[in-house]
There are 2 protein chains.
Amino acid sequence: MESLYSKDIEKMDPVYRLHLINSVTGFKSANLIGSKSNDGIPNLAVFSSVTHLGSNPPMVGFFVRPGDSPPDTYRNILETKSYTINHIPANLTSKAHQTSATYSFHHSEFEKIGLNEEYTDSVYAPYVKECTIKLGMAYRDHYPVPVNGTVLIVGEIVELKIPKNLIGTDGHIDLNEAETVTISGLDAYHRPKIIHRLEYATLKEASANKS
Amino acid sequence: MESLYSKDIEKMDPVYRLHLINSVTGFKSANLIGSKSNDGIPNLAVFSSVTHLGSNPPMVGFFVRPGDSPPDTYRNILETKSYTINHIPANLTSKAHQTSATYSFHHSEFEKIGLNEEYTDSVYAPYVKECTIKLGMAYRDHYPVPVNGTVLIVGEIVELKIPKNLIGTDGHIDLNEAETVTISGLDAYHRPKIIHRLEYATLKEASANKS
């Protein structure tokens with residue numbers, strides 16, 4: 001068992017540190033976030049920080065770093081108050097990962113990587129046609145995290161597109177059947193296999209208190 | 001493909017909605033957060049919202065809901081500025097999940113579920129002896145998310161305990177070898193299997209800009 005301290009992490013090669021610290025929190029959600037500028041240029045970017053915040057109302061958060069170039073996702077969401085969250089399935093990992101390349105603004109990542117936009121009446125931002133589980137989001141608020149220069153974006157699910165057979169009788173979604181992947185570190189894509197479901201001890205109470 | 005809208009989600013049975021919306025963001029990190037009150041009572045609770053925020057300095061966030069009872073983790077962290085994040089390995093899912101039961105304050109979950117505390121000179125809060133990858137955290141700040149009553153807690157990794165053989169030459173941690181699990185929904189534990197690692201397109205630039 002090795003112990004690493006602040007001073008060791010500080011002294012690390014920057015790329016080594018990026019890989020290490022990006023994998024140290026465990027497995028991460030794997031989503032493509034779709035957005036579109038007011039003048040109609042669609043954007044698509046892979047995010048591994050999408051996190052459940054609450055179920056009633058259905059709220060989701062994720063983190064952006066506004067200093068990053070190009071910050072299209074952040075700009076588009078503040079401008080239009082609309083975005084989509086699309087689960088990355090196992091067969092789309094290579095295409096999805098290409099969005100981590102820096103394309104110049106005024107280019108559609110959809111076109112560049114060969115994925116198709118899909119639109120509904122309820123949501124301005126484009127969904128990814130090829131994805132299986134898709135969330136249409138309405139921006140609610142954003143919170144700067146000054147200690148590290150990121151911003152937490154919070155939105156509400158206003159439309160959920162999902163094959164009916166993936167939803168169990170208790171509401172639980174079969175993400176294995178959906179072939180949704182998970183990310184570790186910066187660049188590793190994994191397919192999870194279920195071990196078991198366990199009784200949720202406080203579920204009765206949870207229906208009142210938990211979100 | 002089914003489409004569900006805000007009004008459909010609002011009308012759902014609360015437990016069905018809990019399961020559905022908790023699984024709709026994809027796979028989640030699976031960690032036990034250890035903390036200890038100023039008067040020495042240790043606490044342990046499973047969290048699926050631990051998220052990477054940045055690598056330099058190494059920052060991690062997670063969400064608490066202060067209204068939940070018992071809010072020991074939140075109280076202890078604000079009181080002592082110290083906590084630990086411990087990856088849940090496949091052989092500990094059942095024990096870890098038991099921490100989702102509501103124990104009264106002034107009881108140690110370590111004792112209740114049969115896991116052992118482990119201490120170091122650098123961190124006040126208890127680590128979980130049985131876990132393989134453990135992060136010692138110093139509280140940095142917290143940010144209320146008023147739109148849904150949660151609080152984002154942000155901390156810095158000040159100690160990292162990990163078997164040396166799990167760290168690749170480029171810094172990437174082999175979470176499969178560590179047997180770290182991932183959670184979907186409220187209660188489903190999965191073991192991920194790697195599909196592939198992909199070249200990180202902007203890594204050279206990233207070493208300067210990305211965190």
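This is a predicted model: local features need pLDDT of at least 70, side-chain atom pairs count only at pLDDT 80 or more; totals for chains, interfaces and linings use all residues.
Let me begin with a definition: a charge sits over a ring if NZ of Lys or CZ of Arg is within 6 Å of the ring centre and within 35 degrees of the ring normal. By that rule, the charged end of Lys36(B) sits over the ring of Tyr124(B), 4.8 Å from its centre, and in chain A the charged end of Lys36(A) sits over the ring of Tyr124(A), 4.8 Å from the ring centre.

Residues are numbered from 1 along each chain as its sequence is written, chains are lettered from A and ligands numbered from 1 in the order in which they are written, and side-chain values use heavy atoms, with hydrogens and water left out.

Now to the aromatic pairs, where rings of Phe, Tyr and Trp (its six-membered ring) pair if their centres lie within 6.5 Å, with planes under 30 degrees apart counted as stacked, over 60 as edge-to-face and the rest as tilted. Over all chains, this rule gives four aromatic pairs. One of them joins Phe62(A) and Tyr83(A), whose ring centres are 5.6 Å apart with planes at 55°, so the pair is tilted. Both Phe62(A) and Tyr83(A) are buried (under 20% relative accessible area, with exposed over 50% and partly exposed in between, for a 1.4 Å probe and protein chains only). Phe47(A), Phe62(A) and Tyr83(A) form one aromatic cluster.

What is the relative accessible area of Phe62(B)? Phe62(B) is buried, at 0%, and Tyr83(B) likewise counts as buried at 0% relative accessibility.
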